Amino acid sequence: MSYYSALPQELLKAIKVNKCILFVGAGISRKCISKGRKPLPNWYEFLREFIIWENRKYTLEKSYYEELKLLLDQDKYLLVADELLDNVPEKEFKEFLDNVFDPQNILPSYLHNLIPLIPFRGIITTNYENLIELSYVNTHKRMPKIYTNTDILNQKNPLDSDYFIFKMHGDIEDPRSIVLSQKSYSELLYNSPDYRQLLEQIFSEYTILFIGYGGRDPNIESTIDKISLRKNKSHHFILSKEGSFTKIEKKRFDKDKKLTVIEYVDYFGLHNHIDTFFYDILKKIASKDTLLKIQSSLRTRIHEFY
């Protein structure tokens with residue numbers, strides 16, 4: 001039985017020759033267990049928690065508080081994020097982030113253990129937490145080179161490293177680097193030539209595999225749209241739950257943006273066949289000893305956590 005639509009040979013070849021960059025979205029963190037044995041929040045849940053936290057901290061006017069929740073329910077995430085950040089000092093925002101993404105209370109998922117074993121050229125992520133680098137350290141016993149948007153603005157290029165993790169929207173360890181709203185993201189994309197040129201270079205020279213996106217992330221859609229207008233010779237892929245895109249959308253992505261949708265089956269809302277897809281990639285390129293090692297490592301870490 002097939003649990004996903006295809007494992008494209010073009011993608012597999014790019015991985016083997018170290019020309020594939022993994023682009024990780026917030027959906028992957030949902031596969032991790034946090035405080036109270038609950039998944040980490042998605043964007044909606046994160047902002048809702050932020051509203052509740054800010055109300056508890058400052059006792060917002062009731063009509064203002066209700067309006068924020070209404071806007072959130074209308075999927076106006078970027079507008080809500082802009083408004084919330086205007087009212088919170090940097091130090092207190094860091095306090096909120098630490099509470100939500102405390103690494104001492106989070107168990108990296110099976111997928112997080114698989115990713116460092118696959119020879120990607122590097123990883124770009126919009127996530128603030130450090131689950132990817134923790135899994136990398138657990139596998140390779142060394143810290144990967146980490147870059148944030150502030151590094152890019154200081155003319156540091158992740159592609160100068162053999163392997164990198166580029167935290168596109170910032171790092172929880174550096175609140176100044178956090179990009180949460182449309183305003184701050186647009187400032188980066190439009191007003192920072194070095195940042196824009198880096199994205200253009202990555203998208204034109206490497207194959208990108210997107211995971212963890214529901215297909216409706218405004219910042220990622222914006223990035224893909226801007227980059228696709230350039231002379232782009234690379235073919236990219238997005239792993240997405242079956243039914244996330246219509247046939248027409250998939251056709252236009254492929255034709256207009258050179259972005260092919262790979263669909264996986266999701267029976268119970270657990271997205272387990274993302275793991276199946278990555279494990280199948282690993283089976284194509286790794287030894288049996290490596291495959292046994294990842295299974296043993298996962299069992300040990302789950303036992304330690306519980």
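Is Lys-156 buried, exposed or partly exposed? In this predicted model, Lys-156 is partly exposed, because its relative accessible area is 46%. Its salt-bridge partner is Asp-151, with the closest N and O atoms 3.9 Å apart. Asp-151, in contrast, is buried, at a relative accessible area of 17%.

The whole structure contains eight of them. Lys-167 pairs with Asp-171, and here the closest N and O atoms lie 3.5 Å apart. Lys-167 is buried, with a relative accessible area of 0%, and Asp-171 also counts as buried, at 9%. A further pair is Asp-256 with Arg-252, which meet at 2.8 Å, N to O. Both residues belong to helix α12, residues 247–257, and stand four residues apart, about one turn of the helix. Asp-256 is partly exposed at 42% relative accessibility, and Arg-252 is partly exposed at 33%. Shared partners also link Glu-133, Lys-167 and Asp-171 into one salt-bridge network.

I turn now to helix packing. Helix α1, residues 9–16, packs against helix α13, residues 272–285, at an angle of about 60°, with the axes 11 Å apart. The two helices are therefore oblique to one another. Leu-11, Leu-12, Ile-15 and Lys-16 of α1 meet Phe-277, Ile-281, Lys-284 and Ile-285 of α13. That contact comprises six nonpolar, no polar and two charged residues.

Finally, the axes of helix α3, residues 62–73, and helix α4, residues 77–86, come within 8 Å and cross at roughly 150°. Among the residues making this contact are Tyr-64 of α3 and Glu-83 of α4. By class, the residues of this contact are eight nonpolar, no polar and one charged.

Notes. Residues numbered from 1 in each chain as written. Predicted model: local features only at pLDDT ≥ 70, side-chain atom pairs only at ≥ 80, totals over all residues. Heavy atoms only, no water. Axes fitted to C-alpha atoms, helices over the stretch in contact; angles between N-to-C directions. Contact = heavy atoms within 4.5 Å. Nonpolar A, V, L, I, M, F, W, Y, C, P; charged D, E, K, R; others polar. Parallel < 35°, antiparallel > 145°, perpendicular 65-115°, else oblique. Salt bridge = Lys/Arg side-chain N within 4 Å of Asp/Glu carboxyl O. Buried < 20%, exposed > 50% of the residue type's maximum accessible area, 1.4 Å probe, protein only.
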